[in-house]
Every structure is written in structure tokens, then in C-alpha cells.
Amino acid sequence: MRENKGRSRRALKNNLYALKLGWQMAPGPIVHMAVSRVLGYFEWLFYSAFFMRYVINAMETEQEVASILTFLGITVLVFASMSLYNNYLEGKVWPIASAKLYKKLNLKLFEKSVNVELSCFEDSEFYNKYTLATENAANKLIETIQNIWGVLFGCIAAGIAFYLMYDIDKISVLFVIFPIIGNFVFNRGLSKIDFDRNKDMAPHNRRIAYVNRVMYLADYAKEVRLTNVFSLMKRDYREAIRGVADVTKKYTPKAVVLHWFRVQFTFSFIFEGVLIYGAYRTLVNHSMSLAKLAVLTSMMVSCTWILIGFTESLVTSFRNGLFVDNLRSFLEYEEKIPEDYAGDDPGDTIDRIEFRNVCFSYKDEEVIKNLSFELRGGKTYALVGHNGAGKSTIIKLLLRFYDPTSGEILLNGRNIKEYELQKYRALFTGAFQDYQIFSLSVMENVLMRKASPEDEPEVIRALQLAGVYEKVQSLPNGIHTILTKEFAEDGAVLSGGEYQKIVVARAFVQKRPVKIFDEPSSALDPIAEYKLFESILQDGQDKTMLFISHRLSSVQNADWVFMLENGMIIEQGSHKKLMQNHGAYADMYEKQAVNYLATDRASVQGGIFTADREVAE
């Protein structure tokens with residue numbers, strides 16, 4: 001009982017939250033929703049309680065035709081005005097309001113989604129809640145607010161209808177209980193089943209959506225045609241469909257039973273009950289006139305539909321309250337590292353960055369273990385090691401996508417948590433191996449912001465440094481060519497290496513003191529890689545540079561190299577020093593040297609591999 005009361009209070013608060021949210025975004029349509037509900041209930045009550053009674057009484061008392069026609073004329077005028085108003089709502093207000101709410105609500109959701117920390121998108125529970133909150137959110141919000149007015153004015157209308165039926169015949173009021181039970185009890189149970197079913201289906205629907213996305217996006221077309229991955233997609237799709245079917249089977253038996261009882265209580269018992277009762281009083285004991293029976297029957301229909309509308313609105317409000325709960329939980333989620341995190345201005349000078357006894361765990365698994373090292377401003381550093389060594393995690397910690405589980409990261413002697421997040425991140429730029437190309441122009445893909453004609457020289461310089469400007473020039477619209485063909489038929493589709501160079505150009509165009517390059521040449525051949533690294537070093541002469549690379553030949557010019565394994569630094573020093581130590585770094589470097597040059601004979605002299613530069617030259 002206490003749990004049900006708690007749910008009811010929560011549902012009420014959620015509905016009030018939805019009303020407040022809708023009012024903040026579009027107060028005008030909210031008022032129209034209320035007026036529309038009032039007029040709808042007025043129409044039911046007026047027709048059954050007043051119109052029918054007036055017409056029948058007028059005929060029984062033989063009133064003048066002129067007065068009857070006047071009443072009918074006024075009634076037609078009123079209802080015609082209401083019809084015009086409803087057409088105005090349907091034709092203009094609702095479409096505009098829906099678009100306005102859709103725009104404002106989705107912008108609010110988008111702003112929230114970019115403000116939550118990165119780990120939220122790696123948490124399946126949070127991500128499921130996010131998708132449930134955003135799925136058709138604007139329409140659901142409108143439905144929720146409409147149902148709030150349905151409950152409020154439906155309660156008033158139901159009270160009036162109840163009184164009017166009681167005024168006609170006291171016993172007939174008892175039949176009103178049936179639609180209340182049918183909708184409030186059984187329909188509420190159906191709504192709970194519907195919510196639980198949708199919640200259980202969410203992971204399967206996400207899988208179905210993923211397969212659908214894979215099958216129509218160009219990014220996956222090559223692999224689908226050259227491999228047997230389609231069979232795996234079909235397998236996953238079938239499993240997801242089977243999951244949906246299993247969820248449906250789980251809830252269907254109970255839903256069928258509840259639906260049957262709802263129909264019987266909502267319609268059959270009251271309609272047939274009142275008709276049988278009225279017919280008995282009229283035809284058997286002659287205690288009710290035919291005129292009174294007609295009014296009672298009309299009132300019964302109106303009262304039933306008013307009660308059905310009220311109880312359905314009430315039950316739907318509980319169901320929508322559960323939807324709003326997801327929406328509210330997402331919008332009210334308190335970010336651990338919000339993008340609008342306030343703090344001090346870090347300035348634009350980098351003296352040193354220090355990791356001090358940093359540990360980091362991801363889902364109870366320790367990824368970084370008591371890590372301590374220092375980066376000096378203006379120097380070039382490299383993080384190397386096998387996959388899973390912790391290199392990318394260090395970058396995420398440095399950029400404050402995550403915070404350390406323990407220990408601290410210092411910038412110029414102060415914990416980076418003391419700085420304003422946006423200004424702190426503005427110190428860094430980079431090119432990352434898990435890059436994304438957007439369906440925007442080349443220029444916008446490089447700048448990653450709104451472009452202006454004044455930006456063109458810098459974009460061209462960045463593309464030249466990245467070694468991709470000649471290719472971009474050959475495109476139909478040069479730097480203004482849209483990349484990908486998702487929204488532009490004349491869009492350009494480039495090679496993986498060319499895309500990677502455009503991503504590196506993003507780092508070149510940004511004038512920031514720290515530049516990070518995470519496998520910037522993984523899609524390039526050795527000669528292109530050598531040229532790219534020459535450009536990177538040339539562009540970053542006065543910058544602090546941090547490289548992540550599996551190819552050790554590309555980091556040999558770094559001032560300092562950190563060799564990582566299992567989240568710990570196992571070796572560090574200059575390339576020359578590490579080669580002379582003949583440790584893990586030298587072993588990895590020499591093994592790569594043979595494979596890197598393929599048919600060329602590599603020579604390792606004095607512990608330093610030199611053949612790659614000679615070949616490149």
C-alpha cells in the first residue's frame with residue numbers, strides 16, 4: 001500500500017513536472033489544450049443533459065416552434081464556432097506547437113546529452129533510460145499535458161454528470177461504477193503491463209535499430225559485401241526479434257484477461273444494465289416515461305464516455321508519469337563532470353602537466369595503476385605500448401572525460417579540477433584514432449565550427465600540412481565540398497587515409513598549446529606517414545606534443561617516451577636511451593623494424609633503427 005502511494009505521488013509530481021516543462025517552452029498551446037478539453041466535456045454535457053431535455057420537454061409542453069427554432073439556431077451557432085475552433089487547433093495550432101515543442105525539447109535533450117560525462121554513454125542502464133526519454137519525446141509530452149487537463153476537467157465533468165444522472169434517477173447512478181472500475185482498475189493494469197513490456201523490449205529494439213543502421217549506412221557496405229558479416233547481422237536480428245516475441249508472450253496472457261474485463265466493465269455492464277433497468281421501469285412497472293427514458297439513455301451514453309475519458313486520462317497520466325520519470329531523471333541527472341563545470345581560468349601557458357599517483361577503474365576493473373609522470377611545456381612526448389596498455393585512457397583522463405579514481409592530475413601545479421572545464425579543454429587539440437567525419441563541408445570538418453571566408457587561408461594551410469589539399473582541390477567544390485553522400489548526391493567519399501589527414505588538419509588549424517595525436521597515421525603508408533610526422537613536428541615546434549602510436553618508428557624523434565603495460569610505466573626515456581637499454585621498448589622496436597620495411601633489409605646500428613627514414617627520403 002505504501003509503495004503504491006509512493007508511486008502515485010511520484011506519478012503526480014512527474015505530471016506536474018511535464019506541465020511546468022511544457023509551459024516553459026510553449027505556454028500558448030498549453031492554454032489551448034485546456035480550453036479544448038473544457039469545450040469537449042461541455043459538448044457532451046450540454047447535448048445529453050440540456051439539449052435532449054429541452055427538446056423533449058418542448059414537444060411535451062407544445063412550445064412555440066419559433067422558440068424551439070431559436071434554441072436550435074443558437075445551439076448550431078455555438079457548436080459551429082466550437083467546430084471552427086477545433087479545426088483551427090488541428091490545422092494550425094497543433095502542428096506549429098508540436099514543431100515548437102519538438103525543437104525546444106530536443107534542443108534541451110541535446111544540450112543535456114553533450115553536458116553529461118562520457119561514461120554515461122558507456123553505461124547501458126543510463127543509455128537505455130536516455131533512449132526511452134528521447135524516443136518520440138515531444139509527442140509524449142503533448143499527450144501527457146493533454147491528459148493532465150483530461151484528468152482535471154474530466155473530474156469536474158464526471159461530477160456534474162454524476163449529479164445529473166442522480167437527479168433523473170437515483171438508482172441509475174450505481175451503474176456509473178462499472179466504467180470507473182473498468183478503466184481505473186483494469187486499464188491501469190494494462191498501462192503498467194505496457195510500460196514494463198516497452199522497458200523489457202528496449203534492449204532488443206536497440207539491437208534491431210543497430211542492424212537496420214548497419215544495413216543502410218555506406219560505412220558498412222564494403223564489409224557486408226566482402227565478408228559473411230551479413231549472416232551475423234541476420235543472426236543478431238533474429239535473436240532481437242525473438243527477444244521481442246518472448247517479451248510479448250510474457251505479457252500477453254495477463255493483458256488479454258485484463259482487456260476482456262475492461263471491455264465488460266467499461267461498456268457492456270453500463271450500456272446493457274441501464275437499458276434493461278430503464279426498459280423495466282418504463283414497460284413493466286410504468287414508473288418512467290418514454291421521454292425520461294430517452295434523456296436517461298442519452299445521459300448514460302454521455303456519462304459513460306465522460307467517465308471513460310476521465311479514467312483513461314487518469315490511467316494514461318500514470319503511464320505517462322513513468323515516461324516523464326525517464327525524461328525527468330535524464331534532465332535532472334547531476335553530472336559528475338559537467339561541460340559547464342565552473343572554475344578558475346588556467347591561462348594559455350603550459351609549464352608542466354603532472355600525473356601524481358593516478359589510479360583509474362572502469363566497472364571495478366583497475367585500468368591505470370598508481371601512475372606518476374610529468375610533461376614539460378614545449379617538449380614532445382610519446383605514449384607507446386601494446387593494445388590495452390592504458391594509453392587512450394590516459395588521454396581521456398588528461399582531457400577530463402574521466403576523473404581519476406584516486407590520485408590527481410596537475411596543470412602548472414594545480415589540480416585540473418580547479419579549472420573551468422571548457423577553458424581547460426581549450427588548451428588541447430588533437431587527432432584521434434576513433435575519429436568521425438561529419439556530413440558537412442571539408443572546411444567545416446576541419447574547423448569543427450561555423451566557417452567564414454576569413455577562415456579559408458588557415459584551413460588551406462592545415463590541409464597542405466596534412467598532405468591532402470591537392471585531393472581536396474580536385475573535388476567539385478574544393479574545400480566547400482560536402483563529405484559523405486548521406487545528404488548530398490554530389491558529396492565526396494574519400495579513402496580512409498585521406499579522411500585521417502583531414503582529421504589531422506583539425507589539429508593543425510587550432511592554435512592551442514597542447515596537441516595530442518592518437519595513432520594519426522594508422523591508415524597511411526610509410527612514406528605518407530613520414531611526411532605527415534615531419535609536418536606535425538614542424539607545426540608543433542613551440543607546442544607541447546603528445547603522441548600515441550603503435551608504430552615506434554614514428555615516435556623516435558620525441559624528447560621522451562613512456563612505455564606502458566597494464567596501466568603502468570615500465571620504461572621511460574629518450575628513444576636512444578631506451579634502445580641502448582635493450583628492454584621491452586627496444587625489443588618491440590626491432591620486431592617492428594623487420595615487418596615495417598617488408599622487403600627492404602633493415603639495419604639496426606648502435607641500437608638505433610635508421611632505415612625507415614632513408615627509404616622515406
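**Aromatic pairs**

I looked up the aromatic pairs and found 18 of them in the structure. The model I am reading is a predicted one.

I took Phe373 and Phe562 to begin with. Their ring centres are 4.9 Å apart and their planes stand at 45°, so I noted the pair as tilted. Which parts of the chain does this pair tie together? Phe373 belongs to strand 2 (residues 365–376) and Phe562 to strand 9 (residues 560–565), so the pair joins parts 189 residues apart in sequence. I checked burial as well: Phe373 and Phe562 are both buried.

Phe562 also pairs with Tyr381. Here the rings are stacked, with 6.1 Å from centre to centre and 15° between the planes. The planes are under 30 degrees apart, so the pair counts as stacked. Tyr381 sits in strand 3 (residues 380–385) and Phe562 in strand 9, so I again have a link between distant parts, 181 residues apart. Tyr381 is buried, as is Phe562.

Elsewhere I found one aromatic cluster. Its members are Phe42, Phe46, Tyr47, Phe50, Phe51, Phe71 and Phe79.

I also noted a charge over a ring: Arg400 lies over the face of Tyr341, at 4.3 Å from the ring centre.

Strand 3 and strand 8 (residues 544–549) run parallel and are joined by five bridges. I picked out Ala382, and its bridge partner in strand 8 is Phe547.

**A helix crossing**

Last, I turned to helix 3 (residues 65–115) and helix 5 (residues 137–168). Their axes come within 8 Å and cross at roughly 115°. Is the crossing left-handed or right-handed? I have it down as right-handed.

Which residues meet there? From helix 3 I listed Ser98, Leu101, Tyr102, Leu105 and Leu109. They meet Ala137, Ala138, Leu141 and Ile142 in helix 5.

Note on methods. Residues are numbered from 1 along each chain as its sequence is written. This is a predicted model: local features need pLDDT of at least 70, side-chain atom pairs count only at pLDDT 80 or more; totals for chains, interfaces and linings use all residues. Side-chain values use heavy atoms; hydrogens and water are left out. Rings of Phe, Tyr and Trp (its six-membered ring) pair if their centres lie within 6.5 Å; planes under 30 degrees apart count as stacked, over 60 as edge-to-face and the rest as tilted. Helices (H or I, at least four residues) and strands (E, at least two) are DSSP runs, numbered from the N terminus. Buried means under 20% relative accessible area, exposed over 50%, partly exposed in between (1.4 Å probe, protein chains only). A charge sits over a ring if NZ of Lys or CZ of Arg is within 6 Å of the ring centre and within 35 degrees of the ring normal. Two strands pair if DSSP finds at least two bridges between them. Axes are lines fitted to C-alpha atoms, for helices over the stretch in contact, and angles run from 0 to 180 degrees between N-to-C directions. A crossing is left-handed if the near helix is turned anticlockwise from the far one by less than a right angle, and right-handed if clockwise. Contact means heavy atoms within 4.5 Å.
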